[in-house]
Structure formats: C-alpha cells, structure tokens
Amino acid sequence: MPNRPILRFPNPERSERRTGAPRNLPRSRGPGRAAQGRRFQATFDQLSAAFGTDDPIFNLRQDPTGIAPERALVFVTAGNIQNFARAAQEIGLEVIAETDLEDIEDFPEGFHPSRDSETLSRTLYATMPTLESFRQIMSLWNAHQNDERAPTGAAPWWALFDLLLDLRPWGPEDRLSGGARQAIENRLPLNEDEEVFIEFEIWPTAHLQQRQLWREQTEQRITAFNGRVLDKSSISGDGFIYEAVLASLPAHVVRDMLDDPDDIQGLATLEGIQFIMPQMIGQAEPGDPQGPVVDYPPQGQFVPDAPLRAALLDGTPVAGQAALDGGVVIEDVHDLVRLSLVNHRYHGTAMASLILRGDLEADGIPLQDARLVAVPILVDNDSGGAWTPNNMLFVDLVHSTLTQLMASETPLARDVFVVNFSIGIRDMRFAGRISSLARLIDWWAAKEGVLFVISAGNISEGLYLSGITSVAFEDSNDDERRRAVRGSLRASIYDRTLLAPAESLNALAVGAISKDLNGRNPHHQAGIMTLENDGEILPQLTSALGLGPHRIIKPDLVAIGGRQEFRPIPQGAGTILRHVEASQRTGLVASAPIGGADATQKSRGTSPAAALVTRAVLQSAEALTGPNGPFEGQELPRRDMALLTRALAINSARWPEEAHQLYAEEQDVLGSRNHARAKEEVCRYFGYGVMTSNLMQHSPDAGVTMVGLGSLRKDQAQIFRMPLPYSMSGDRIPRSMRVTLAWFSPVNSTRAQYRLAGLEAVAAEEFDEEDDKQWVLDLKTEGPDANIVKRGSVWSRRLINRTQTVPQFEEGAEIPICVQCRDTAAGGLSPDDEIAFAIAVTLEIEAEVQYDIYHEIEQEIRVRLRRGV
C-alpha cells in the first residue's frame, strides 16, 4: 500500500474553449487561373467531348489508362485544401483517400511555397467519380476559368483548381509503392514456380456492393494467373473500412507484375485495387534458446479469481511454467497452439512472464489484482521467434481476436483494458503512410476504449560507421564512439523507423533503453562492447526511431529493455556494429519454455520493454482502485482505466540527462535557432522520456500527483482546480510541474487530417481570460517543445521554475487547469462526439524543505469536499 497515494481532483467545472485570434497560416500560392487553364484545359476538353456523345461512360472507359467514371481519380494539390471532402460530397464525389505527400523542391513554374519554405508541400486526394459528379466538376472548372465567383459551398473547389499540380487516374505506380516493390522482390524465390504470398487492399469506399464487386474482380484475375485465394476480409465501421484479399501466386507471375506493372491485363492495373504489397507478416523477435539455463523459483502465487485485465497477442506461452502457473489463461480461438512445438515457445512465454512477474531475478512478485489472457496469433518456430500463419490476413486475424475478446455477444475477457502487442510487421517500416493495422488499432482504441501497448520494433540490420575501422573504434574514447554512432544514426534515420503498427496514434508505443534490472555489470569480454557506461541511460542501438504520422511524438516513451552488447566488425573502409543476439551475459530474466519448471531465458529489445510497460500499467490500475487510491473500491469502466493509466505512464516519463545532452548536440548541428527541431530529434530516440513505474502508483517523495476524468465535445472546456500549498508562497525553491492529458481520438482513415480531436490544457480562470503562460508558479517549458506535444492523442507539458522565488499567493489559492477540445480535421469532428479524457498532474519540489506539499493539498481537498466545493 503506497504511503503517498495519488490524489483525485474534485469534479471539474464546465466552460468554453478559448479560441483566441484566428491564425493566418502561410499557404502556398498557384500560378493563376490562366496558367492553370493552359496546364489542364486539354484534359477537360477531352472529357467535354466524351460527354457530348450518346454514351460518355463507354467512350471514356475505352482508354484503360484514362480518366473515367467509376475509376479512381487523383487530384494532387500544393498543400491541403480546407473542407474539400465536404465540398466534394456536395456534388456526389466520394473522397476515398487523402494523403500528405513528400514536399518537392522542383515544382511547376508559377507556384510559390508557403513563407520561409524552399519546398512545396503536396496533398493527394483520391476520389471515385460518378457520371453526374464528373458533369459537376466540369461545370465548376468552366466557371473557375471564366473568372466567376465560387457558388456557395464551392470555395474549396476554387482553391483546388488554383493549386492543382496533377490530375490523373490512380495507376500501377500508386498501387505498388517503392517500399512494397522492394519487399516483394526480396521475397521472390529463385524457383519461378514457387508460391509468393501477396495482399491486395481494395479501395475503402463506403459502398459495400462496390467493394464486393472490386474484390470479386480481383479474385477472378488471381485465378486467371493460376493463383489461389487464401483469405479475404471485409471490415466496415464508422471511421474504419478494410477490404482485402490474400493470394498465393507463382513467382513468375509476381515477377512479371513487377517488370511490367502497366500491363492492361495484369494485376497492377485492376481499378478496384488501392495497394498491392507482400503478405503482412506479424513477427516476434527470436528468443534466446542458447546458453546455460538458470533456475529462479517464483515468489508467491496469483489470486485464482483475479480478473483478466490484460490480453497478450503473441505466440503461445507455456502456461504450466512455475512463473506463469495460475496467472495466464490461453484462449486458442484460431487453433494455432497445435502448430507451435512446446520447445519453440520462447517469445510468448517471455512476454507473459515479464508482464506477470517482471524480471524474475530483480522482481518476480506476481500481480495480485489481474491475470493475463493470451490469444496466440503467431506460430512459434525453431528460431525462437514466431510468425503469422501464411494463410491468414493479419489485419483480419487481429480484428477477429479483439472482437472475440471484448466485443462479441459473449466476450472471452470483458475486463480487459490493456492489450500487449510486442509484434512488428516484417518489412513495414513507417514511411509516411499509416498502415492498415495501425488504423485498425486506432479505431479499436477509440471505439472500445482499450489501451494498446506496442513495441516500437527492433532494427536487425547492423549500424554502419563510415570512415572508421573496427580497431580505431575500439581504441576510441566514449565521446568519440558516441559521435561516430550519432553521425551514422543521423545519416540512416529514415532506414531505422518504427515498425508497423507502432505508428498508431492512440497506442502507447515503447522504445527500449539498454539497461538490465539486476544491477550487475558483466566482466569485459574481448570484441564485445556497450555504448553506455554504468548508470548512463541510452536507447538500444536496435530500438526503432520516431517520429510518427504528422511528426507526432513516437515512441511515446522508452523503458528498460535489457542491456545490449554489440560487436564492431570490419566492413570495407568502415565498421558495422552488430548486436549480440544470443547471450546469457545480459538481458531481462524471464521464464523459458524448456529446461524445467523454473527455467529462465534472457530477453532484450523493445518487446520486453513493452511487456514491462504493460506490467506497470496493471500495477498502476491496482493502485488507483486499491486501498487509499483515488478510486478506492470502484470498478472503473474499461475506457476510464485505459485513459488513466496511459496518462500516468506518460506523466511518469522523464528525459534523462543523456537526452538533454543529445538536445545540445542537435542544436550544434542544426543551429541555435532550430530549438524546436532539435527537440524533435531527441523525441525520435526518447519520446516523452524514460518511464518511471513507481510514479504511476504513488506521488513522488517531495511532491503530489493528482488525477481526474472528464469528457468534452468540440469547443467545450472543463476546469480542474489544483490547490496551491500555502507554504510555497514566496519561498526560494526549485520546483517542477507536469500536466498530462490522454484521450482516444476518433479517426478518419480516408483523411490526411487523420486525427479528429485535439485536447490541450491552459492555466486560465474565466472564458475570456488570457491563459497564464507561467502556470501561476513562474514556470517555463522543459523537455518536448510546447508545439510538438499538440500533435498526438496525448498532450504533456513539462515545466520547471523560471526563477528560484515562488510568486506570493494568498491562502486558498489554486491553479485553474482548463482542458479544452478542438476539431483538428476542419469539420471532421462531429459536435455530437463525446471525447473522454484523463488528466494527471504532478507538482514537485526539487529540494529539501520543512513542509510537505502533499499533505497540504490533501487537506485542502478534504476541506473543499466537505464544503461541497
């Protein structure tokens, strides 16, 4: 039982969002109507000629590569067109995909990027025109070219025509992205008759019959090429649509598709296909089956009837091992357990062990208020890792698993509020487009209020250091080694990005720091090195790097993932650093599937880091509802528990000293004026910081943590009042404050502005009052930049004292914390959407004092509750 339990905010007061003065953001400019007419009039003349015939649809569709009704039509514009989806809907044109493309340096004459930019931003709108919507588009174009005023509601069309860069049908180059092509090529066997597994994603139109027609056409074309349809899926919900086919095709057919994607009779020209990619293979990193086995008999027992509060989606754990016995229930809903030999079940066993007991040497205490339900969705193999079954669509597999767990008529585990997903998708590193699996997870989080804890992914490829030999690297001092590594990471940063689905907006993505929990340092071994010295906190070299979509902070945080060692290996004129995979020297101690009931293995990487975060989330939940907790004795709804623990996890995270050192290094590289960009670079490695699990369970020794729950609609606000300890008034003391909000934003997977709801907090009292930038206590921002934190579905400010002296305030004073909600998608958020959120606030004194602010605030809250305030 914590002696400084987290406190609960009194119920908040309703208010309105402070809108402030409208911001005139700089936007790109086009070359003018006449120039746009010269560029695109021929295309519209061709359409007009076809519409002058008796059968315009027939005539337009005669050209299989041309623009035609019921064929995806692409508009590429210089920047985002506000409210375009709504204006398109007004004329019956469905926008089925909206994507921000990479900026370009070489752009058409007459276009001007937004202020202070040398590159032109681009947005792609994929639409599905009907015959009637084509007539409307041509009519609007003609009016635009005639210099007429835009009709009511059609202003976005005028903006689109002004900024139009390209107008074309969706083609093979869109369906087969560069990354997908490369991944398919890498999987092609030498034997041309061997099978290759390919996924076809169908356009996510809201019209079910059209999706089914496109899927049937895809299946027919697959069969015509002597392929086999292995699986198909159709998922449709408010905010998420997924239609896909998994096929097995002869290697020579796939090679022909790559060599000639424009073949009219080929697979890449099918109109109903949005994307073609290699099979989405979920994978878990190999375990550590080598080396001597050490026994660690478990401490204590699990409570037999404890609720199943967490789900593990992974390979199959060995539930009979002593550390797991009584704590895990296996639900074999996909009949996969029989495919995994017991002596192969390393990954799932390790993850279950770390969630239920932590590191078996350093911790080992069983959870008391929760048990784990494990649903195998991978097949364990003889490498010690696990892979997706080759006859299943992984997105559908995950969706059906979650449905049976939580959303069926008879859910298997109705108390689950957190899902551990220490799985990544092979060959699917984040490159700007959110994967269908990440979109599914975002949709589930918003729909059901469940927290997903996802490993950021591990980079198996070594890190190449140019211009330094392995001998020179080993002879270098610590600073020289780190500079070499930092330079190499900076040069290869886009090759070491998050592994899907870690880019998920609503999930908690976890990176790994190179550290063990047992406190021991292995003796030096020739040829084996670490980057960190004792006590230093650095990310593992293999931990995947952020940022996420729209440059949101990802990973969200980093956690202990086992100490990582590497070998410097000569390669040409440089050196490649390869991590040591199988070793008993370092790593987190977890249960092993073989070697006896108490046998253990060593686990390293982002997977065990995510498992430890899931454990911390469950321990936090127990503290929240346990004796003296802020919700003592209450059975909180799933969404509330998920949001509270997510907020506390982020609130507990701190940038270590090494993160601040990295910030200084990045400022030297980028220039002192680019402080926000330098902080972004730190967030790639550390996110919001290193999770501190004990601060998710109780208040700090010299401070207080408070939590609360609320819900808002668009443009609404709620005010939480934090009492100020009167002893602080006028005192000269260092102090800090953390304010964190967590919510699950509704999403629209067809929009570039994917996130619909944004929340933030300001220190303000009245609706028309200017917010206090110094949060009453004369504070300034530390850690992630104030603008960076606005992009995701957590918002967290770190504040430290600007001066040593606390401003004087009266007894009974408070900090009014106003939480407000805004529409971040230009009309995408419905005024009827209720956005539930959690708030966590920590106020801490960074020096020894003769008073305790915890007890002062606790007493003030009791007084106010008695008064009914």
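Me: What does N83 count as at 26% relative accessibility?

Reply: This is a predicted model, in which local features need pLDDT of at least 70, side-chain atom pairs count only at pLDDT 80 or more, and totals for chains, interfaces and linings use all residues. Residues are numbered from 1 along each chain as its sequence is written, and side-chain values use heavy atoms, with hydrogens and water left out. Buried means under 20% relative accessible area, exposed over 50%, and partly exposed in between (1.4 Å probe, protein chains only). At 26% relative accessibility, N83 therefore counts as partly exposed.

Me: What is phi of N83?

Reply: Most residues other than glycine have a negative phi. N83 lies in the loop between β3 (73-77) and α3; helices (H or I, at least four residues) and strands (E, at least two) are DSSP runs, numbered from the N terminus. N83 is not a glycine, yet its phi is positive, near 65 degrees.

Me: Where is R551, which has a positive phi of about 60 degrees although it is not a glycine?

Reply: R551 counts as partly exposed, at 33% relative accessibility. Its place in the chain is the loop between β21 and β22.

Me: What is omega of the peptide bond from K554 to P555?

Reply: Most peptide bonds are trans. P555 is found in the loop between β21 and β22 (557-560). The bond from K554 to P555 is cis, and its omega is near -5 degrees.

Me: Where is P501?

Reply: The peptide bond from A500 to P501 is cis, with omega near 5 degrees. P501 itself sits in the loop between α14 and β21 (508-513).

Me: How many residues line the largest cavity?

Reply: On a 1 Å grid over the protein atoms alone, a cavity is a set of points where a 1.4 Å probe fits but cannot get out, and a pocket is an open set with protein on both sides within 12 Å along at least five of seven lines; lining residues have an atom within 4 Å of a point. Grid points are joined across faces, edges and corners, and a volume is the space filled by probe spheres set on the points. The whole structure holds 8 cavities of 30 Å³ or more, and the largest has a volume of about 140 Å³. With R486, L489, P539, L541 and Y685 nearest its centre, the lining of the largest cavity numbers 13 residues.

Me: Which helix gives the largest share of the lining of the largest cavity?

Reply: Ala, Val, Leu, Ile, Met, Phe, Trp, Tyr, Cys and Pro count as nonpolar, Asp, Glu, Lys and Arg as charged, and the others, Gly among them, as polar. By these classes the lining has 8 nonpolar, 2 polar and 3 charged residues. The largest share, 4 residues, comes from helix α14 (residues 478-491).

Me: Which residues lie nearest the centre of the second largest pocket?

Reply: About 1,000 Å³ of space lies in this pocket. Its lining has 17 nonpolar, 10 polar and 8 charged residues. Elements that give two or more residues include β9 (240-250), α16 (638-652) and β34 (835-845). Of the 35 lining residues, those nearest the centre are D238, G239, V747, N748 and L756.

Me: In β33, what is the bridge partner of V762?

Reply: Two strands pair if DSSP finds at least two bridges between them. Strand β33 (residues 814-823) has 8 of its 10 residues buried, and 7 bridges join it to the antiparallel strand β28 (residues 716-723). Strand β30 (residues 757-763) also pairs with β33 in the antiparallel sense, over 7 bridges. There, the partner of V762 is C818.

Me: Which residue in β16 stands opposite Q283?

Reply: An open sheet of 4 strands, with antiparallel pairing, has the order β15-β16-β11-β18. Its edge strands, β15 (379-380) and β18 (424-425), each pair on one side only. Strands β11 (residues 282-284) and β16 (residues 386-387) pair over 2 bridges. In β16, the residue opposite Q283 is W387.
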